[in-house]
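Biologist: I have a structure to go through with you. Can we put it up and work from there?
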Amino acid sequence: MLDQRPVSFSGVQPSGNLTIGNYLGAIKNFPEFSEKYKCFYCVVDQHAITVRQVPAELRRRTYETLALYIACGLDPQKNTLYVQSHVPAHTELAWMLNCFTMFGELSRMTQFKDKSARHADNVNAGLFTYPVLMAADILLYQTDVVPIGSDQKQHVELARNIVDRFNQLYPDTFTMPEPIVPKAGARIMSLAEPTKKMSKSDENENAVVRILDDKDAIIRKFKRAVTDSGSEIRVADDKPGVTNLITIYSCFTGKSVEEIEREFDGVGYGDFKIAVGQACAERLAPVQEEYRRLLADKAYLESVMKNGADEAAYYARKTLSKVRRKLGFVNL
Ligand code: AQP
């Protein structure tokens, strides 16, 4: 039986060890959708190969990302948790949507521009058409909401353009998805260059705090975080470093910016950075403990993957056969 609730879909690439950006901008917010929405949360391994991966590491990180989903509060009984490459409907729909996506639209995607500059020796077609695969991920489940960090908003906008174009030609095919970006934490910045997004594939380890970093590493990284001139702890456009640390502290403690500015009035940057590191380490400790327990049980993780893939494929098949019929493919 199909669940009739509205649908939430999101994914994370196993392209590196996940950061507190991935956590605060996306994963931490996923569980709250489980009551009201039918939720699909996917480990998008096919997106990860748009940049070169070491196969053994990609495989290991796929298990790890799934374990982190569960450790962050996603109950596999209440959410469909699965791996993208286990449901071939994603790439099948992506091909069809490629034929409804314009070259000019894809050329304007900022992530394509950033990543092709960072991987100039490997500007492959997959990197270019990545947003079409992401549109397929979303549209396959007739998704209503897509919880994401703000860097992915442009890709959801593209998915919405594809829906417009496709539905005009073939009415009532896809549901129009809405991006849901958290009020705080939608764009966590690098600790080394606070005008740049924190990214799991950053080569500078001091720029990123990973969900699985131990307490000492977390505090050390925050101690080294780049701050700004002056000494005040307040949110301001000319204080990107301090603003980023206040956002992180706010997300981990639930305190408002005003409360934080009051709490640290007259306190030096050094003590503030230690407080941010401690709050982060404290909040992540139970997640890390649960993650380690889950990762030791590979058979359990595989059973979650298998059940999730079966269920996702069941829902995906409905959309795919509708699209095939509308496009004029012969059904045998
Ligand atoms: N710095 C961030 N702040 C808030 N949210 C973030 N997200 C990523 N970075 C931040 C959100 O995390 C989810 C999963 O992201 P992804 O794995 O699909 O890839 P990404 O957006 O390209 O993230 P990374 O960490 O920068 O990966 P790499 O380095 O491989 O490119 C998304 O919802 C994203 O918005």
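This is a predicted model: local features need pLDDT of at least 70, side-chain atom pairs count only at pLDDT 80 or more; totals for chains, interfaces and linings use all residues.

Biologist: Which residues in H4 are buried?
Modeller: H4 runs over residues 89-98, and the buried ones there are Ala89, His90, Leu93, Ala94, Met96 and Leu97.

Biologist: And where do they fall, seen down the axis of H4?
Modeller: The buried residues of H4 fall within an arc of 165°, so they line one face of the helix.

Biologist: Let's back up to the whole chain. How many helices and strands does the chain have?
Modeller: There are 13 helices and five strands.

Biologist: What is the radius of gyration, and what would a compact globule have?
Modeller: The chain has 21 Å. For 332 residues, a compact globule would be near 20 Å, so the two agree. The C-alpha trace spans about 70 × 45 × 40 Å along its principal axes.

Biologist: What share of the residues is buried?
Modeller: Buried residues are 53% of the 332 in the chain. The accessible surface is about 15500 Å², and carbon and sulfur atoms hold 50% of that.

Biologist: What about contacts, how many link residues 24 or more positions apart?
Modeller: Of the contacts with a separation of 6 or more, 76% are between residues 24 or more positions apart.

Biologist: How is the chain divided into domains?
Modeller: Domain 1 takes 7-181 + 298-327, and domain 2 takes 205-291. Their centres, taken over C-alpha atoms, are 30 Å apart. Twelve residues from domain 1 and 15 residues from domain 2 take part in the contact.

Biologist: Buried or exposed?
Modeller: Asparagine 244 has a relative accessible area of 4%. The cut-off for buried is under 20%, so asparagine 244 counts as buried.

Biologist: Which residues does asparagine 244 touch?
Modeller: Leaving out residues up to four places away in sequence, asparagine 244 touches Ile188, Met189, Ser190 and Leu191.

Biologist: And what lies 2.8 Å from a polar atom of the side chain of asparagine 244?
Modeller: That is the backbone oxygen of methionine 189. Methionine 189 is also one of the residues that asparagine 244 touches.

Key
Residues are numbered from 1 along each chain as its sequence is written. Side-chain values use heavy atoms; hydrogens and water are left out. Buried means under 20% relative accessible area, exposed over 50%, partly exposed in between (1.4 Å probe, protein chains only). Helices (H or I, at least four residues) and strands (E, at least two) are DSSP runs, numbered from the N terminus. The arc is that of the directions from the helix axis to the C-beta atoms. A polar contact is a pair of N or O atoms within 3.5 Å; within protein, one must be able to donate a hydrogen and the other to accept it, and residues adjacent in sequence count only if both atoms are side-chain atoms. Contact means heavy atoms within 4.5 Å. The radius of gyration is taken over C-alpha atoms; the globule rule is 2.2 Å times the number of residues to the power 0.38. Accessible areas come from the Shrake-Rupley method with a 1.4 Å probe; for residues, only the protein chains shown count as cover. Domain bounds come from an automatic or database domain assignment.
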